[in-house]
Amino acid sequence: MPKKGGKQDETERKVHVPCKRAKMEVSCPPSPMNYDSPNSVFESLIFPIKQEEFFKEYWEQKPLLIQRDDSSVAAYYQSLFQLMDLKKLSSQGLYYGRDINVCRCVNGKKKVLNKDGKVNYMQLKRDFDQKKATIQFHQPQRFKDELWMIQEKLECYFGSLVGSNVYITPPGSQGLPPHYDDVEVFILQLEGEKHWRLYKPTVPLAREYNVESEDHIGNPTHEFILKPGDLLYFPRGTIHQADTPARRSHSTHVTISTYQNNSWGDFLLDVIPGLLFDTAKEDVALRTSIPRQLLMQVDIADSTRRLSIFMRSLADRLENTKELRSSDMKKDFIMNRLPPFLRNGSAPLAPGGQLPKLDSTIRLRFKDHVVMTVEPDQEKSDELRKEMVYVYHSLKNRRERHMMGNEDDDISEDGISETHGLRFPLSHMDAMKQIWRNATVAVKELSLKSDAEKEHLVLSLWAECLIEVI
């Protein structure tokens with residue numbers, strides 16, 4: 001594929017991290033990642049850039065290139081995923097399309113070379129060696145604990161789903177044509193070297209994936225080589241392409257991506273229906289009928305003026321609303337995210353410690369993995385359904401299903417994805433907020449009318465592994 005020369009954009013930050021001296025390496029931990037908290041994981045990921053600088057200067061604005069001349073970081077990155085890992089994983093049952101894509105960029109277009117059914121490693125390796133095909137492995141965090149740890153913490157940090165793909169490209173080849181994505185992308189170079197070219201977005205902060213013709217994207221704004229231990233970030237909409245230099249070893253990198261469909265526009269789509277429903281209960285004008293045959297008319301100018309009045313009314317109500325009913329985005333996130341990474345491996349999570357009683361002091365165990373919503377009672381079908389407090393969590397989510405779409409065994413009889421959680425009367429909301437907002441809470445001080453209600457609430461949360469007695 002023809003390569004155009006590129007200039008170094010003044011807006012891009014290239015950070016070169018010098019190799020640590022031998023004296024310092026002795027005291028460094030084996031992993032450069034600090035897993036103490038979601039915050040520390042993200043700090044480790046973008047080191048030496050500080051979070052404040054990153055979000056002020058780069059997030060959704062421009063690329064960031066961090067080149068690290070550090071053998072310990074390179075060794076750790078390599079441990080995240082290697083070409084040789086595919087041999088063992090293929091024996092566990094991988095499928096073309098679902099788990100692996102085999103492709104190559106030919107004349108500016110993506111050519112898919114997938115076979116049917118199960119992946120055979122020897123065939124996969126032949127396509128890699130002989131056809132110079134790129135291997136794209138979907139969602140490796142399902143199999144690699146290190147990526148599970150990183151992505152689970154990043155999902156807590158961003159409050160958004162975090163997916164990943166591994167790309168393994170042979171020397172002198174390119175897997176994908178120039179394109180842009182609808183996600184924020186962090187790229188970690190694991191093995192070999194990759195030659196990257198970035199271009200000015202045609203659609204800033206794009207909402208869709210799209211391939212761009214090389215004739216229309218102009219010269220690169222950035223051009224560089226990624227080596228093991230290096231990190232690249234670029235915003236959604238950034239046009240990019242990458243190839244493995246000839247006469248080198250193969251390249252392996254992992255893309256960690258987030259913030260798909262997580263914009264203000266998406267949030268408005270989520271909260272407006274609930275706001276409109278609540279407003280219509282109080283405003284008779286919203287309950288009056290639309291004109292006869294409105295849906296059959298071509299010119300609806302009169303109706304748009306009426307709708308603009310309603311929208312202004314909604315905006316006024318919104319300014320005085322303390323709580324927004326955002327249930328769909330919350331539930332989608334909590335139902336599809338990774339479960340907490342537990343040191344005991346795949347053992348199921350169980351209630352820990354002693355039973356909570358009225359004289360106990362409790363605390364929340366997995367605050368980052370729980371959301372609360374207020375919704376009509378889902379177990380009642382009559383029109384007078386009371387509003388209830390729903391507590392959804394991701395503690396029982398299945399790691400092997402993460403970012404893989406809905407599977408048959410995750411769907412209930414009514415066709416809705418399974419959720420894990422509890423429901424309580426609306427009168428329990430203040431007590432729930434006490435537990436969520438405070439580091440510790442005395443059960444007897446919960447804002448409920450009776451001691452029986454207090455004990456029932458904490459027992460329910462304890463049985464669901466959401467709280468513990470201290």
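**Notebook: salt bridges, a helix face and a surface patch**

I started with the side chains of Asp145 and Arg399, which meet in a salt bridge at 3.0 Å, N to O. Asp145 is in helix α7 and Arg399 is in the loop between β17 (387-393) and β18 (420-425), so the pair links distant parts of the chain, 254 residues apart. For a salt bridge I required a side-chain nitrogen of Lys or Arg within 4 Å of a carboxyl oxygen of Asp or Glu. Helices (H or I, at least four residues) and strands (E, at least two) are DSSP runs, numbered from the N terminus.

I noted the ground rules. This is a predicted model: local features need pLDDT of at least 70, side-chain atom pairs count only at pLDDT 80 or more, and totals for chains, interfaces and linings use all residues. Residues are numbered from 1 along each chain as its sequence is written, and side-chain values use heavy atoms, with hydrogens and water left out.

**Entry: burial of the first pair**

I looked up accessibility next. Buried means under 20% relative accessible area, exposed means over 50%, and partly exposed is in between (1.4 Å probe, protein chains only). Arg399 has a relative accessible area of 15%, so Arg399 is buried. Asp145 comes to 35%, so Asp145 counts as partly exposed.

**Entry: more salt bridges**

How many salt bridges does the structure hold? I found 23.

I picked Arg142 and Asp99. Their closest N and O atoms are 2.9 Å apart. Arg142 lies in the loop between β5 (134-138) and α7, and Asp99 in the loop between α5 (85-90) and β3 (100-106), so the pair ties together parts that are 43 residues apart in sequence. Is Asp99 buried or exposed? Asp99 counts as buried, because its relative accessibility is 1%. Arg142 also counts as buried, at 9%.

I then checked Lys396 and Glu464, whose side chains meet in a salt bridge at 3.5 Å, N to O. Lys396 lies in the loop between β17 and β18, and Glu464 in the loop between α12 (451-463) and β20 (467-469), so this pair ties together parts 68 residues apart in sequence. Lys396 is partly exposed at 47% relative accessibility. Glu464 is buried at 12%.

I also logged a network: salt bridges link Glu60, Glu184 and Arg236.

**Entry: helix α4 and its cover**

I went through helix α4 (residues 71-80). Val73, Ala74, Tyr76, Tyr77 and Leu80 are buried there. Seen down the axis of α4, the buried residues fall within an arc of 165 degrees, so they line one face of the helix. The arc is that of the directions from the helix axis to the C-beta atoms.

What covers the buried residues of α4? The cover includes α2 (38-46), β2 (64-68), α7 (145-158), β8 (184-191) and β12 (231-234). Here contact means heavy atoms within 4.5 Å.

**Entry: strand β8**

I followed β8 from that list. It is mostly covered, with 8 of its 8 residues buried. β8 pairs with strand β14 (residues 251-258) in the antiparallel sense over 7 bridges. β8 and β12 also run antiparallel, joined by 4 bridges. I counted strands as paired if DSSP finds at least two bridges between them.

I wrote down two partners. Phe186 has Ile256 as its bridge partner in β14. Ile187 has Leu232 as its bridge partner in β12.

**Entry: the surface patch**

Which residues form a nonpolar patch on the surface? I found Ile290, Leu295 and Met296, with about 410 Å² of accessible area together. Patches are made of residues with over 30% relative accessible area and no salt bridge: like charges are joined within 9 Å, nonpolar side chains (Val, Leu, Ile, Met, Phe, Trp, Tyr) within 5 Å. Accessible areas come from the Shrake-Rupley method with a 1.4 Å probe; for residues, only the protein chains shown count as cover.

Ile290 lies in the loop between α8 (264-282) and α9 (301-319). Ile290 is exposed, because its relative accessible area is 54%.

I looked up Glu323 in the loop between α9 and α10 (327-336). At 46% relative accessibility, Glu323 counts as partly exposed. Glu323 and Leu275 are 48 residues apart in sequence and 9.8 Å apart in space, C-alpha to C-alpha.

The protein chain has 12 helices and 20 strands. Buried residues make up 48% of its 470 residues. Of its contacts with a separation of 6 or more, 79% are between residues 24 or more positions apart. The accessible surface of the protein chain comes to about 25300 Å², and 51% of that belongs to carbon and sulfur atoms.
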